[in-house]
Amino acid sequence: MKADSFSIRSRVFALAIVMLALCSLALLFFLRNYATRAADRAFDRVLAASALSIAGAVRAEGSHVTVELPYAALAMLSNQQRVFYSVRDAHGALVTGYGDLDQGMPLAASGIPVFANRHYRGDEIRVGTLGRLVSLNQQAGWVTIRVAETREARDTLATEILQRGAAGLPIMAAVTLLLLWVGIRRGSGRLHAAG
C-alpha cells in the first residue's frame with residue numbers, strides 16, 4: 001500500500017511539474033511579447049518625432065518637392081543604431097534618402113505615423129512612415145516620409161524588461177512546487193490513514 005501511495009504521489013507531483021512548466025513557458029512567451037511591444041512603443045515615439053521633424057522641412061517649389069534635412073531629425077535617434085530615411089513625392093519619386101529603403105511599401109495617405117518591422121541590408125529594422133500634405137501646382141498630394149533604425153537598442157530594452165519581469169519566476173516555481181509536495185503528502189497521508 002505504501003508503494004502505491006508513493007507511486008500516486010510521484011505521478012501527481014510529476015503532473016504538477018509538467019503543468020507548472022507549461023504555465024511558466026506561457027508566461028515567458030507573454031512577457032517576451034509584452035517586452036517587445038513596450039520597447040517598440042518607447043522608441044516609436046522618437047522615430048515618429050524624427051519623421052515629423054523631416055516633414056516640417058518639406059517644401060513645395062513650383063512643381064517639385066524639396067526638403068532640407070534638419071540635423072536634429074536624425075540626431076534625436078539613438079546613437080547605438082544605424083539610421084535610414086527616405087522622402088518620396090506624391091507620385092512615389094525619390095526626393096532624398098535611401099531609394100531601396102521602402103521597396104514594396106505603400107505611399108503614405110495620412111499624417112498619422114505607421115510603423116513596421118522589415119529586413120534591410122542584412123539588418124532587422126523598424127520603419128516609421130507618415131505623410132505630409134503639400135500643394136503642387138494647385139493639386140494636393142501626400143509626400144511620404146520614412147525614418148528607420150536598426151533594432152539593437154529596442155532589443156536591449158526588451159531583454160531588460162523580460163529579465164526583470166521573469167526574475168521572480170524561479171522563486172515562485174520553487175515555492176509552488178514545495179507547497180504542492182507538502183499538500184500531496186498530507187493528502188495522501190490522510191487517504192492512507194482512512195484506507
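Predicted model: local features only at pLDDT ≥ 70, side-chain atom pairs only at ≥ 80, totals over all residues.
Local features are reported where pLDDT is at least 70 and side-chain atom pairs only at pLDDT 80 or more, whereas totals for chains, interfaces and linings use all residues. Residues are numbered from 1 along each chain as its sequence is written, and side-chain values rest on heavy atoms, with hydrogens and water left out.

Helices and strands are taken as DSSP runs numbered from the N terminus, a helix being H or I over at least four residues and a strand being E over at least two; two strands are treated as paired if DSSP finds at least two bridges between them. Strand β1 (residues 58–61) is joined to β2 by 4 bridges, and the two run antiparallel, with Arg59 having Thr66 of β2 as its bridge partner. The hairpin of β1 and β2 has 2 residues between the strands, and in this hairpin Gly62 adopts a positive phi near 65 degrees. Strand β5 (residues 114–120) pairs with strand β6 (residues 123–136) in the antiparallel sense over 7 bridges, and Arg118 is partnered with Ile125 in β6. Here, too, the hairpin has 2 residues between the strands, and Arg121 takes a positive phi near 50 degrees. Strand β6 also pairs with β7 (residues 139–150), again in the antiparallel sense, over 12 bridges, with Arg132 standing opposite Val143 of β7. In the hairpin of β6 and β7, with 2 residues between the strands, a positive phi near 50 degrees is found at Asn137.

Within strand β6 lies Thr129, which counts as buried because its relative accessibility is 10%; buried denotes under 20% relative accessible area, exposed over 50% and partly exposed the range in between, with a 1.4 Å probe and protein chains only. The side chain of Thr129 makes a polar contact with that of Arg146 at 3.0 Å, a polar contact being a pair of N or O atoms within 3.5 Å of which, within protein, one must be able to donate a hydrogen and the other to accept it, residues adjacent in sequence counting only if both atoms are side-chain atoms. With neighbours within four places in sequence left aside, the residues in contact with Thr129 (heavy atoms within 4.5 Å) include Met105, Ile112, Val114 and Ile145.

Helix α3 (residues 152–166) comprises 15 residues, which at 1.5 Å a residue should span 21 Å, and its end C-alpha atoms are 21 Å apart, in agreement with that value; the expected span is 1.5 Å times one less than the number of residues. The buried residues of α3 are Ala153, Arg154, Ala158 and Ala166.

The structure holds 13 salt bridges, each defined by a side-chain nitrogen of Lys or Arg within 4 Å of a carboxyl oxygen of Asp or Glu. One of them joins Arg154 to Asp44, with the closest N and O atoms 2.9 Å apart. Arg154 belongs to helix α3 and Asp44 to helix α1 (residues 2–56), so this pair ties together parts that are 110 residues apart in sequence. Both Arg154 and Asp44 are buried. A further salt bridge is formed by the side chains of Asp123 and Arg82 (2.4 Å, N to O), linking strand β6 with the loop between α2 (71–75) and β3 (83–88) across 41 residues. Arg82 is partly exposed, with a relative accessible area of 38%. Glu160 and Arg164 also meet in a salt bridge (3.4 Å, N to O); both lie in helix α3, 4 residues apart, or about one turn of the helix. Glu160 is partly exposed at 37% relative accessible area, whereas Arg164 counts as exposed at 65% relative accessibility. Salt bridges that share partners join Asp40, Asp44, Arg126, Glu149, Arg151, Arg154 and Asp155 into one network.

A nonpolar core is a set of buried Ala, Val, Leu, Ile, Met, Phe, Trp, Tyr and Cys residues joined through side-chain atoms within 4.5 Å. The largest such core has 17 residues, of which Ile54, Val58, Val143 and Ile145 touch the most other members. At least two residues of this core are supplied by each of α1, β2 (64–67), β6 and β7, and the largest share, 4 residues, comes from α1. Beyond neighbours within four places in sequence, Ile145 is in contact with residues including Ala51, Ile54, Val58, Val87, Thr129 and Leu130. A second, separate core of 7 residues includes Met105, Ile125, Val127 and Ala148.
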